[in-house]
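Work through the exercises below with the model open. Each task is followed by its solution.

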Amino acid sequence: MADKPEMPKMNAETLKLDPSFKYEVMKEHDGETLKVCFQCGSCTSSCPTARFSTSYRPRTILRMAQLGLRRKVLESQTLWLCTACFTCTDRCPQNVEVANVLRVLRNLAVKKGQIPGIFTELASNIYATGYVYKIPEMRLRKRAELGLPPLPKANLDGVDKLIELAGGRKLLKSAEVR
Amino acid sequence: MSDLRYLFFIGCTIPYRVTNYEVSARKTFAKLGIELVEMSDFNCCGLPVDPASHEMMMVLAARNLCLAEQQGLDIITLCTGCAGTLRKVNRALKEEKELRNRVNEYLSKVGMEFKGTIEAKHFIHVLKEDVGFDRIKDSIRKPLAGLKVAEHCGCHLLRPTKIFGWDDPENPEVLKGLIELTGAECLDYMDEPECCGYTIIAIDDKVALQLTREKLQHIKMAGAQAMVTVCPSCHLMFDMQQSRIERAFNEKFELPVLHFPQLLGLAMGLGPDELALGDLRVSPSKILEALKIV
C-alpha cells in the first residue's frame, strides 16, 4: 500500500535515451498509435487511478516511451496501476490506443523479467486448473447443495499447450510446469 | 428448441465466490425462456493475464470461442470482463487476418481452428436485443414501485466505444432501461460510468478501494437505497469490500448491492431465498421491508 511506488533510481543509465524503444512498442499488437500522442493530457485528466495515485500519470508514461526512456518506463512500478477501464482511449482526441499502449509496455516489462507476483499466481492457476482461481472443494459441494450443475472442466492438455505456444511459460511458477 | 438458446460461459469468479449471482440468473432466465446449454470444457476467458501477456490472453479467449463454434451456439456470460474479452478477441480475430493466422497456427497444434461463426454476448445484450423489453415487461408480477436504485454497468461492456459502441459510455442507458422495467427508479449520479477498481486491487489496494469508496459516496449522495451490478468482480468491490471500506475510511454506507437478476427476480415475484439474497454481505433487509416483501 505504498503511496509512492518505487521508481528506478535516476542515474545516467536509467535516463539514457534509446530511440529504438518506440519502434519496439509500435510493432506490438495495438501499440502503433504511440507515435501520434501530442501530449494534451486528456488521458491523465480522465484517469480514475490518477486521481488517487500520487505517481501514476498515463501522459507522462507515453512521453517517456516516445523519448526512449526504456528502463525508467519498464522498471517503474506505477506502470501496473492501469485499471484497463479504457476511458483514456475513448477520450483521446488523437485516437491513441492509450490503454493498449500501456498494456504493450507492461507486456514488454514482463519480457524483461519485471512480473508482479499476482500475475505468476493467476497464470499458474490457469495452467494447473483452467480457472484463474483455485476453487475450493467446499465451493463445489455448495454448488451441489444449491442444485447447480457441476462446473465444467478444462481439457488441460489443450490449455497448457496453448499457454506454452503463446510464450506464457515465463509467467508460471516453476513447480507448475509439467 | 428455444430460439433463445446459448452456451453458458460461467467464468471463474462466479463459481469461486459469487454463486448467488448464478442462482438468481438461472431462475430469472428460465422465466424468460432463455435456454442455457452447459459447457463440458472451458477455460478462463484470459482477461486476468492480459496485463502480463496479451498473447496468452488471446489464445485463452480463442480456445473458448472455438469450443462455442464447435457447438454452433452464441456465448452468454454474466461477467462484463468475460463478455468484453470474448467479444473483443472474437472481433479482432474476425477482422485482422494476420492475427487470425498467428492464433490459428497455435490452435492447430491442439486440433482447433477459429472460424468466426458465433457471437459472445453479456446477458444484458441478450435481454435487450434477443429477449426484448416487451417480453421482460410481461414477466413482471410485483413491480418494485418506490424503490430508488443506482446502476453500475462495468467498464468492459462500455469501452473502448470503437469496439463495443452499443451503449453511450458517458451516459449508459441499457441497464437503466432494464432496471426501470422492474418498476424501480434508476437514479443518475456523479461519474456514473467510472471504474470499480477491481483490476488493481492486488497491485495497490489503497488506490482501488478509494475508487470504490468514491462511487459509493456518489450513489449515497444521489439518494439511492440500493445499487445494481451486472459483473461478479464489480459486485465484490461494492458488496464484499464495503465493510472494509467503511472501517478504513471511518464512514458508513450500508448500501445493499444486488445483481440485476436478483432485482428482476423480485419484480417477477420470486422470493428472497430463491434469489439467494441471504448470501449478500450487505443485508438488503431494509429494502425488502420497504417493498413489503418480508
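**Exercise 1.** Which residue of chain B forms a salt bridge with Arg143(A)?

Solution. Arg143(A) pairs with Glu22(B); the closest N and O atoms are 2.8 Å apart. The rule asks for a side-chain nitrogen of Lys or Arg within 4 Å of a carboxyl oxygen of Asp or Glu. Across the interface of chain B and chain A, that rule finds 8 salt bridges.

The model is predicted: local features need pLDDT of at least 70, side-chain atom pairs count only at pLDDT 80 or more, and totals for chains, interfaces and linings use all residues. Side-chain values use heavy atoms, without hydrogens and water.

**Exercise 2.** Describe the size of the interface.

Solution. Next, area. About 5400 Å² is buried between chain B and chain A, and carbon and sulfur atoms give 66% of this. Buried area is the accessible area (1.4 Å probe) that two parts lose on being put together, summed over both.

**Exercise 3.** Where does Glu254(B) sit, and what does Glu254(B) touch?

Solution. Then list contacts. Beyond neighbours within four places in sequence, Glu254(B) meets Lys220(B), Gln242(B), Glu246(B), Val282(B) and Lys286(B). Last, take the C-alpha atoms: those of Glu254(B) and Asp239(B), 15 residues apart along the chain, are separated by 9.5 Å.

Notes
Residues numbered from 1 in each chain as written. Chains lettered and ligands numbered in written order. Contact = heavy atoms within 4.5 Å.
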